[in-house]
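Please look over the sequence and the model before reading on.

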Amino acid sequence: MDLVINILFGLIVAFFLINKFMPVKGVKQISTSDLKKELKRKDVQFIDVRTPGEFSRNKINMFKNIPLYELSQKGSQLLKEKEVVVICQSGMRSNKATKLLRKMGFQKITNVKGGMSTWN
C-alpha cells in the first residue's frame, strides 16, 4: 500500500512540476534571435519582468521594466489589444508573467525563451 501511495504522490508532484515549467497554451515562444526582428515593430509592448536592479545593469532599450511582483498591479498600464512580448533573465519569470497576463485577459502574448541570458 505504501508503494502505491508513494507512486501516486510522485506522479502528482511530477504533474505539477511539468505543468509549472511548460509554456502557456496560446502563448507564442520566440528565441532572442527572433526577438531582434520583433524589436523593429511599433505595434508591440515590450515588457521586462526582472527586478529594477537586474534591468538597470543590462537591458534592451525597447523594453519597459515591470517586475513580475508588480505585474498584477501595473498590468493596467498595458493595452490588451496590443501584443505583449515578455522577457526576464532565463525565461522562468517571463513564463510566469505570460500565465498572469493570460488570466488578466491578454490574448496576444509572446515569451522570449532563454531570456537575457541568451541575448548577445
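## Overall picture

Of the 120 residues in the protein, 37% are buried, where buried means under 20% relative accessible area, with a 1.4 Å probe and protein chains only. This is a predicted model, in which local features need pLDDT of at least 70 and side-chain atom pairs count only at pLDDT 80 or more, while totals for chains, interfaces and linings use all residues. Residues are numbered from 1 along each chain as its sequence is written, and side-chain values use heavy atoms, with hydrogens and water left out.

The protein has five helices and five strands, which are DSSP runs (H or I, at least four residues, for helices; E, at least two, for strands) numbered from the N terminus. From that end the elements follow the order α-β-α-β-α-β-α-β-α-β.

## Strand β2

Because five of the five residues of strand β2 (residues 44-48) are buried, the strand is largely enclosed by the rest of the structure. Val44, Phe46 and Asp48 lie on one side, with Gln45 and Ile47 on the other.

Strand β2 runs parallel to β4, joined to it by five bridges, and pairs, also in the parallel sense, with β3 (residues 64-65) over two bridges; pairing requires at least two DSSP bridges between two strands. Aspartate 48 stands opposite isoleucine 87 in β4, and isoleucine 47 opposite lysine 64 in β3.

Note on methods
Buried < 20%, exposed > 50% of the residue type's maximum accessible area, 1.4 Å probe, protein only.
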